[in-house]
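Subject: Structure handover

Hello,

Here is the structure you are taking over. Please open it first, then read the notes below.

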Amino acid sequence: MTADEKYMMRAIELAKQGEGLTRPNPPVGAVLVLEDQIIAEGWHKKAGTDHAERDCLKSAIGNLKSAILYVTLEPCSTHGKTPPCTDLILEKGIGRVVVSVTDLNPKHAGRGLDLLKEAGVEVVSGVCEKEGRELIAPFEKFITTGMPYITLKLASTLDGRIADSAGNSKWITGPEARERVQEMRRRADAVMVGAGTVRADNPSLLPRPDGGRKPYRIIIGSTVPEDSAVLTDEAARQTLICDGDLKTALKELAEKYSIMHILCEGGGTLAASLVEANLVDEFAFFIAPKLLGADGLPNFGKTGGLITDVESLEFKSAEMVGEDVLLRAVIRQNDLRAE
């Protein structure tokens, strides 16, 4: 790992502290290095507050001509709720700026870097770009398509069951997996389930502890009991009930509430609808070393599929979470349907 990569990975680590708090902005981190030592750090903590660069540089003083600023996303060059970060970088006299990902907004892409170069700043981009793009994947989809990024999380047995024949699902996975789900909720702008899941489990869908996060709760379907937790608890105003065409509903949620990242926690019918509508960006399967049998509820409520219509996935990672396995996957671009 090069020095640039080491400090950029630190900036990415800082940026992750803002996940779930920055909408409609992306999470961004920044690190200032002088003589191979970190002298300042910062990250974007909330929309309307200092951008990562400003949070990092506000305490930096002295001659910074030999300093290097590492930023996970191209510094902004236009006035918004805060002044342009490029102005501050030039004001501080920083000699080198290293960026992971250029601005994804076509109106601004590359403009900030060009301004810095024109002023004599050495600029390097594309460092740890894979990790940088993964960090802002929800923002990228939101800014380029107007749609939210969907992570579909399903906890199931080894034979693909999310509940027993009576509808009981507590607890298929262990405490470590459930804690990981709380972490995923804190990173999301909204947590989504079908109305059937609300009727069966009466979940709160809130992250515990919340870490200052207040994600929306999205319920798909119209038959939600009036005494449900999502309609009566302290976050009831954060509950959004949607019906009708799924893609249209999600697009409207993104436009009206600036929801960039939705964590969908099922159930099987909603999971199948999302997959059939090609709306899932990432799958997170928590697999427990348990067997329930054929009369348990399947993780995908779909029947009649043929091998010629199979949805092929590509595994991105696998890890042990307690006694369970977390598999992350995406839909393979050239699956069997295209052959």
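Lys130 and Glu134 form a salt bridge, with their closest N and O atoms 3.0 Å apart. A salt bridge here is a side-chain nitrogen of Lys or Arg within 4 Å of a carboxyl oxygen of Asp or Glu. Both residues sit in helix 5, 4 residues apart, about one turn of the helix. Helices (H or I, at least four residues) and strands (E, at least two) are DSSP runs, numbered from the N terminus. Lys130 and Glu134 are both exposed; exposed means over 50% relative accessible area, buried under 20%, and partly exposed in between (1.4 Å probe, protein chains only).

This is a predicted model, in which local features need pLDDT of at least 70, side-chain atom pairs count only at pLDDT 80 or more, and totals for chains, interfaces and linings use all residues. Residues are numbered from 1 along each chain as its sequence is written, and side-chain values use heavy atoms, with hydrogens and water left out.

The structure holds 21 salt bridges. Another one joins Asp233 and Arg217 at 2.9 Å, N to O. Asp233 lies in the loop between helix 9 (229–232) and strand 10 (239–242), while Arg217 is in strand 9 (residues 216–220), 16 residues away. Both Asp233 and Arg217 are buried.

There are 0 disulfides, a disulfide being a pair of cysteine sulfur atoms within 2.5 Å. The sulfur of Cys76 is 3.7 Å from the closest cysteine sulfur, in Cys85, which is too far for a bond. Cys76 counts as buried, at 16% relative accessibility.

Regards
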